Amino acid sequence: MKEKYVIFLIIIVFESISLLIFRNKEVIITKKFEPNFTFPFYKEEKKKEYLDYQNKTGLSLKESIIRVNIGLNKPFYTDTKETKDRGILTLVNKYNYISKNYIPKNLIEVNNLYINKETYEAFLKMKNDMNKENLNIRIISAYRSYDYQESLYARYMQNDKQEIVDSYSARAGYSEHHTGLAIDIDNGKQNYNNFYLTKEFVWMQENASKYGFILRYPKNKEDITGYSYEPWHYRYVGIKIAEYIKKHNSTYEEYYYEFIDI
Ligand SMILES: [Zn+2]
């Protein structure tokens with residue numbers, strides 16, 4: 001009688017333990033397959049878009065969320081909106097435009113061009129340090145008005161199909177140059193198209209971020225920025241952000257939707 005009782009007890013204990021293990025397993029399995037949506041930049045109303053985009057691309061959930069927030073699950077120039085004026089952090093790209101009559105604050109005139117004051121001061125510091133190594137850069141384009149960009153784009157359209165023009169020129173209102181925070185540079189000797197072949201470019205790759213500049217349209221990021229590689233085009237964002245973007249081999253779009261527009 002006593003033995004039977006002990007065996008019965010053992011069975012009860014064994015089954016309870018099994019049940020516990022099984023339940024825990026179930027919890028672990030559920031956790032594994034339930035996406036983690038706890039990112040600060042997660043937007044509940046876009047949940048379906050995130051999952052659809054992740055299924056389509058196979059990217060991580062975090063990357064999928066950021067890319068959908070950028071707007072990349074839809075073609076460029078789709079669902080465009082007027083960008084928020086965030087000073088030196090303003091984002092202008094193929095989903096965020098500046099209104100036609102917007103004139104940036106803090107523009108100064110230097111050698112027949114206009115540029116944001118803080119951007120120019122950072123540029124000068126960078127140029128001076130570069131000069132110490134017998135290298136030189138100059139700005140060939142900075143602020144551009146809506147009308148100027150419109151005429152530039154129209155001129156390109158006379159020679160190329162729109163799809164091609166869009167890969168290297170912004171439509172009016174969508175140019176980062178409109179902010180006064182973007183600069184195109186060369187070394188004063190070679191055409192800017194060949195800037196990537198110069199020692200100045202090597203220097204810029206290493207040092208531009210220390211002065212707050214990022215290479216805005218890098219190689220292999222065309223699917224995010226919407227532009228072909230532009231070794232001559234730099235954007236001022238301040239030192240901290242520039243260093244972060246360089247370190248993480250990232251783009252301003254990705255930074256903006258992970259840390260600024262949340
Ligand atoms: Zn440019």
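In the predicted model, the secondary structure of the protein comprises 10 helices and eight strands. Among contacts with a separation of 6 or more, 62% are made between residues 24 or more positions apart.

Two packed helices are described by the angle between their axes and by the distance between those axes. For helix α4 (residues 117–131) and helix α7 (residues 199–207), the angle is about 125 degrees and the axes lie 12 Å apart, which makes α4 oblique to α7. The crossing in which α4 passes α7 is right-handed. On the α4 side the contact involves Met126, Asp129 and Met130, which meet Glu200, Trp203 and Met204 of α7; by class, the residues of this contact of α4 with α7 comprise four nonpolar and two charged, with no polar residue.

In the second pair, helix α3 (residues 61–70) and helix α10 (residues 252–260) cross at roughly 100 degrees, their axes coming within 9 Å. Because angles of 65 to 115 degrees count as roughly perpendicular, α3 is described as roughly perpendicular to α10. Here Lys62, Ile66, Asn69 and Ile70 in α3 meet Glu253, Glu254, Tyr257 and Glu258 in α10, and the contact of α3 with α10 divides into three nonpolar, one polar and four charged residues.

Key. Residues are numbered from 1 along each chain as its sequence is written. This is a predicted model: local features need pLDDT of at least 70, side-chain atom pairs count only at pLDDT 80 or more; totals for chains, interfaces and linings use all residues. Side-chain values use heavy atoms; hydrogens and water are left out. Helices (H or I, at least four residues) and strands (E, at least two) are DSSP runs, numbered from the N terminus. Contact means heavy atoms within 4.5 Å. Axes are lines fitted to C-alpha atoms, for helices over the stretch in contact, and angles run from 0 to 180 degrees between N-to-C directions. Angles under 35 degrees count as roughly parallel, over 145 as roughly antiparallel, 65 to 115 as roughly perpendicular and the rest as oblique. A crossing is left-handed if the near helix is turned anticlockwise from the far one by less than a right angle, and right-handed if clockwise. Ala, Val, Leu, Ile, Met, Phe, Trp, Tyr, Cys and Pro count as nonpolar, Asp, Glu, Lys and Arg as charged, and the others, Gly among them, as polar.
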